[in-house]
Amino acid sequence: MDILSTLQLQSILNACNLNIEVMSTATTTGYQFFDLKVSLPTKIADLNRYRKDIGLALGNSNINMNVMADKKIVRLELFNEMKPENLMDVKCAVHMHTLDQVSYKGATYPIVLGKTFNNEYLDLDIKDSNHILIGGATGAGKTVLLKSIINQLLDYRVRRDAVIDIIDTKCVDYQYLRGVENVRLFNSVDNANKCLDYYLAKLEALKLGAPRLLQFLIIDELADLIISAKHSVIYDKLLKLIQQCRAFGIYVIAATQRPSADIVDGKIKANFPTRIALRTASAIDSRVILDCAGAELLKNKGEAIIRSPSHNNVHFQGFYL
Ligand SMILES: Nc1ncnc2c1ncn2[C@@H]1O[C@H](COP(=O)(O)OP(=O)(O)OP(=O)(O)O)[C@@H](O)[C@H]1O
Ligand SMILES: [Mg+2]
């Protein structure tokens, strides 16, 4: 669907005899917003009643309505399927220039995840955000988000001698990193178990004063580990690691298709200060990640909501790499 002008929408509203003024429009990745001033005798219920007609006239049935009482407006959101040119836009954005801008703010390990719906970059300082948990239904964009993070961490590998370990029991998505210096892949539950042993031994050495290293442990599909045959052993090791390694420059970034309470229980959750929900299968899953519903309504692939020490449920569109 093409970008609509305020005039087009205004003429449709007039034709429906609605006393509504189109105040402004804005576009962001995947969405176009219209801010409307509804005046009596027209009521919001009248606008709602004509929603399907408006959709028909605009050629877009993906319309949401939000009453923004504080701004005394109704915001109409039209959802557009992502077009390749939109994807290019975000693709070009992960750029050293962006990273430099973020570093400029004094961040220690900055990464950029995408763009907010106010068209600002969504950036994180991993030092503050600490362990990150990503939850979302199958196909919502967890692996793509992890890859966009890993691509930026590769830079730390060069600049800070960081090590990146990836546990990927599906064995398909990260094979392109095989052989890359300072990147290790663990492709089975047994190997994941060994990887956790390595980290726990490292932790003990660090506690005794061994020199610190910057290490990132990426886990794509946490559920595969937690429900595996060795679950209780692996669960205990993982919990110990995430509870204790935070102070030592070891950061865990994990994703799961099953953000249900049996996988992400209270203890696991409490140790991931930063949590990101892509589209979830249900409101219950959204609550597990964000402590509130909402992620089940996300539409785009890569569209997400983040809560972290510095973001209070911020809505953004993740980069596509
Ligand atoms: N940020 C994005 N922008 C545009 N398209 C995306 C984005 N993220 C994901 N996609 C599309 O969605 C597809 C599925 O994404 P991805 O493999 O990351 O899902 P997933 O959540 O890891 O699924 P699974 O749980 O099955 O592993 C991608 O191949 C890509 O085509
Ligand atoms: Mg995946």
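Start by selecting Glu181, which is in the loop between β8 (163-168) and β9 (183-186). This is a predicted model: local features need pLDDT of at least 70, side-chain atom pairs count only at pLDDT 80 or more, and totals for chains, interfaces and linings use all residues. Residues are numbered from 1 along each chain as its sequence is written, while chains are lettered from A and ligands numbered from 1 in the order in which they are written. Strands here are DSSP runs of E, at least two residues; helices are runs of H or I, at least four; both are numbered from the N terminus.

Buried or exposed: which is Glu181? Glu181 is exposed, because 8 other C-beta atoms lie within 10 Å. The cut-offs: buried means 20 or more other C-beta atoms within 10 Å of the residue's own, exposed means 12 or fewer, partly exposed is in between, and C-beta atoms are placed from the backbone.

Zoom out. The protein chain has 12 helices and 14 strands. Of its 321 residues, 35% count as buried. Colour the open sheet of 10 strands, in the order β6-β5-β14-β13-β12-β7-β11-β10-β8-β9, with mixed pairing. Two strands pair if DSSP finds at least two bridges between them. β6 and β9 are the edges: each has a single partner strand, so one side of each lacks a neighbour in the sheet. From one strand to the next, the twist averages 25°.

β5 (residues 110-116) and β6 (residues 121-125) run antiparallel, joined by five bridges. Select Pro110; Asp125 in β6 stands opposite. The two strands form a hairpin with four residues between them, and Asn119 in the turn has a positive phi of about 65°.

**Helix α12**

Select α12 (residues 283-290). Its buried residues are Asp285, Ser286, Val288, Ile289 and Leu290. Why do they sit on the same side of α12? They cover an arc of only 165° around the axis, taken from the directions from the helix axis to the C-beta atoms. These buried residues pack against β7 (132-135), β12 (274-277), β13 (303-308) and β14 (311-318). Contact here means C-beta atoms, placed from the backbone, within 7 Å. The helix lies across those four strands and runs at about 160° to β12. Axes are lines fitted to C-alpha atoms, for helices over the stretch in contact, and angles run from 0 to 180 degrees between N-to-C directions.

Most residues other than glycine have a negative phi, and most peptide bonds are trans. Step just past α12 to Asp291, where phi is positive, about 70°. Asp291 lies in the loop between α12 and β13. Asp291 counts as exposed, because it has 11 C-beta neighbours inside 10 Å.

Next, Glu221, in the loop between β10 (215-220) and α9 (222-226). Its phi is also positive, about 80°. Glu221 is buried, with 20 other C-beta atoms within 10 Å.

Then select Leu40 and Pro41. A cis peptide bond joins them, with omega about 10°. Pro41 is in the loop between β2 (31-38) and α2 (44-49).

**Ligand 1**

Last stop. Which of the 15 residues around ligand 1 come nearest? They are Gly141, Thr143, Val144, Gly302 and Tyr320. A residue is near a molecule if its C-beta atom, placed from the backbone, lies within 6 Å of it. Helix α7 (residues 142-160) gives the most to this shell, three residues.

Definitions and conventions. Two residues are in contact if their C-beta atoms, placed from the backbone, lie within 7 Å.
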